[in-house]
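Good morning, colleagues. I would ask you to turn to the sequence and the structure, which I shall now put on the screen.

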Amino acid sequence: FYGEPVSGFSIPASEHSTITSWGREGECDAMRNMLTRYPKGAVACVSDSYDIYQACEKYWGTELKSLIEARDGFVVVRP
């Protein structure tokens with residue numbers, strides 16, 4: 001339509017219900033699941049289901065950091 005081969009695209013993304021379905025204790029496992037299921041390209045993950053500071057500092061910044069650094073792509077940490 002605009003003379004471009006691709007006018008838009010989508011990326012795998014979690015939503016609050018997909019994170020909270022793992023329960024508070026399983027939040028980090030839900031995030032890890034997103035990284036392992038989609039090891040390449042961009043992926044977006046909700047991080048404020050319970051405590052965004054814990055998610056950013058403890059999960060993304062510590063427990064999952066090596067998985068993120070090893071990815072062929074990037075992670076969007078989203079509210």
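This is a predicted model: local features need pLDDT of at least 70, side-chain atom pairs count only at pLDDT 80 or more; totals for chains, interfaces and linings use all residues.

Let me begin with Ser47. This residue is found in the loop that links strand E1 (43–46) to helix H3 (52–63). Is Ser47 buried or exposed? Its relative accessibility is 0%, and therefore Ser47 counts as buried. The side chain of Ser47 has two partners to mention. One is the backbone oxygen of Cys45, reached at 3.2 Å. Another is the side chain of Trp60, with which Ser47 makes a polar contact at 2.9 Å. Beyond the neighbours within four places in sequence, Ser47 is in contact with Glu27, Met31, Ile52, Ala55, Trp60, Val77 and Arg78.

I turn now to the core. The largest nonpolar core has 14 residues, and those touching the most other members are Met31, Leu35, Cys45, Tyr59, Trp60 and Leu64. Helix H2 (27–37), E1 and H3 each give two or more residues to this core. H2 provides the largest share, 5 residues. As for Leu64, when residues up to four places away in sequence are not counted, it touches Cys28, Met31, Arg32, Leu35 and Tyr59.

Finally, helix H2 itself. Which residues of H2 are buried? They are Glu27, Cys28, Ala30, Met31, Met34 and Leu35. Viewed down the axis of H2, these buried residues fall within an arc of 165°, so they line one face of the helix. They pack against helix H1 (16–20), E1, H3, helix H4 (65–70) and strand E2 (75–78).

Conventions
Residues are numbered from 1 along each chain as its sequence is written. Side-chain values use heavy atoms; hydrogens and water are left out. Helices (H or I, at least four residues) and strands (E, at least two) are DSSP runs, numbered from the N terminus. Buried means under 20% relative accessible area, exposed over 50%, partly exposed in between (1.4 Å probe, protein chains only). A polar contact is a pair of N or O atoms within 3.5 Å; within protein, one must be able to donate a hydrogen and the other to accept it, and residues adjacent in sequence count only if both atoms are side-chain atoms. Contact means heavy atoms within 4.5 Å. A nonpolar core is a set of buried Ala, Val, Leu, Ile, Met, Phe, Trp, Tyr and Cys residues joined through side-chain atoms within 4.5 Å. The arc is that of the directions from the helix axis to the C-beta atoms.
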